[in-house]
Amino acid sequence: MNLFYSPNIVEPISTLSEEESKHIIRVLRKTVGDVVFFTDGKGYNYKCIIVDANSKKCVIEITEKTIGKDKRDIILQIAIAPTKNITRYEWFLEKSTEIGIDIITPIICFHSERKEIKTERLNKVITSAIKQSLKSHHPKLTEKIKFNVLIKAPFDGQKFIAYIDEDVTLELSKAYTSGENALVLIGPEGDFSPEEVTMAKENGFIPVSLGKSRLRTETAGIVACHTISLLNDI
């Protein structure tokens with residue numbers, strides 16, 4: 001089944017964006033009367049019928065609205081430093097979306113080699129991933145934020161900072177309580193600086209390990225995402 005994304009879909013008749021219209025009509029060669037499926041990215045799925053097969057502004061009629069099966073009762077936010085090679089960051093966005101995540105925050109740290117990102121491009125990666133994995137929730141990609149600003153921002157849930165240190169033996173899977181919102185900090189290629197670790201702890205972040213292996217930034221993000229999701233049986 002192909003799933004399409006329309007954040008502004010309205011009942012009972014809706015006109016699609018030119019991008020989705022072109023894909024449906026020109027690429028997939030759908031026509032009047034064909035059934036197509038959409039998500040609004042806010043937790044709902046829609047079964048629709050094409051009523052005007054216009055490749056620039058396709059019109060659909062909604063025949064059924066259902067709650068997505070990926071509904072979750074927690075908020076998982078991962079604040080992760082952009083990687084020097086942006087394709088690795090895109091890989092994280094894709095895979096974390098497939099697993100299940102709510103908020104992704106690019107953080108700029110002391111050791112960050114990349115400090116600029118193209119939010120529009122990264123959002124396209126996320127959108128493609130929700131369509132491929134049949135998700136009804138579109139994760140929110142926030143604007144980049146400096147580390148020292150993020151750690152002082154309010155968060156209603158458990159807060160963790162994952163980094164490599166022989167003194168950090170508490171694993172995320174043991175530290176996290178299922179059913180609680182979670183915010184996990186993942187550092188850049190050079191990891192967090194000692195000063196950043198100290199600041200995080202002073203602001204209520206619990207130091208955790210993601211295992212015995214030395215992980216790349218994007219891999220660490222996936223491990224954290226999967227750990228929280230698995231503990232909540234999502």
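The model is a predicted one, and the values below should be read as computed from it. The protein chain has 234 residues, of which 47% count as buried, and its secondary structure comes to seven helices and twelve strands. Along its principal axes the C-alpha trace spans about 65 × 35 × 30 Å. Among contacts in the chain with a separation of 6 or more, 74% are made by residues 24 or more positions apart.

- Strand β6 covers residues 76–80, and because five of its five residues are buried, the strand is largely enclosed by the rest of the structure.
- In a regular strand the side chains alternate between the two faces of the sheet.
- In β6 both faces are covered, with L76, I78 and I80 buried on one side and Q77 and A79 buried on the other.
- On one pairing, β6 runs parallel to strand β11, which holds residues 182–186, and five bridges join the two strands; within this pairing, the bridge partner of I78 in β11 is V184.
- A further pairing links β6 to strand β7, residues 103–108, which is also parallel to β6 and is joined to it by four bridges; here I80 stands opposite P106 of β7.

**I161 in strand β10**

- I161 belongs to strand β10, which runs over residues 158–162.
- I161 has a relative accessible area of 0%, and it is therefore counted as buried, a class that requires a value under 20%.
- When neighbours within four places in sequence are left aside, the residues in contact with I161 are F147, L185, F192, V197, A200, F205, I206, P207 and V208.
- D73 lies 88 residues away from I161 along the chain, and the C-alpha atoms of these two residues are separated by 22 Å.

**The largest pocket**

- The largest pocket has a volume of about 460 Å³, and of the 25 residues that line it, those closest to its centre are Y163, I164, D191, R214 and L215.
- Sorted by class, this lining contains ten nonpolar, seven polar and eight charged residues.
- D191, one of the residues closest to the centre of this pocket, is placed in the loop between β11 and helix α6, the latter being residues 194–202.
- The backbone of D191 has a positive phi of about 65°, although the residue is not a glycine.
- D191 has a relative accessibility of 18%, which means that it counts as buried, since the cut-off for that class is under 20%.

**The second largest pocket**

- The second largest pocket has a volume of about 310 Å³, and Y5, S17, E19, E20 and T127 are the closest to its centre among the 14 residues that line it.
- Helices α1 (18–27) and α3 (119–132) each supply at least two residues of this lining, and α3 gives the most, with four residues.
- The lining of the second largest pocket divides into four nonpolar, six polar and four charged residues.

- L134 lies in the loop between α3 and strand β8, which comprises residues 140–141.
- L134 is not a glycine, yet its phi is positive, at about 60°.

**The cis peptide bond at P12**

- The peptide bond from E11 to P12 is cis, with omega near -5°.
- P12 is located in the loop between strands β1 (3–5) and β2 (13–15).
- P12 and E120 are 108 residues apart along the chain, and their C-alpha atoms are separated by 29 Å.

How values were computed:
Residues are numbered from 1 along each chain as its sequence is written. This is a predicted model: local features need pLDDT of at least 70, side-chain atom pairs count only at pLDDT 80 or more; totals for chains, interfaces and linings use all residues. Side-chain values use heavy atoms; hydrogens and water are left out. Buried means under 20% relative accessible area, exposed over 50%, partly exposed in between (1.4 Å probe, protein chains only). Contact means heavy atoms within 4.5 Å. On a 1 Å grid over the protein atoms alone, a cavity is a set of points where a 1.4 Å probe fits but cannot get out, and a pocket is an open set with protein on both sides within 12 Å along at least five of seven lines; lining residues have an atom within 4 Å of a point. Grid points are joined across faces, edges and corners, and a volume is the space filled by probe spheres set on the points. Ala, Val, Leu, Ile, Met, Phe, Trp, Tyr, Cys and Pro count as nonpolar, Asp, Glu, Lys and Arg as charged, and the others, Gly among them, as polar. Two strands pair if DSSP finds at least two bridges between them.
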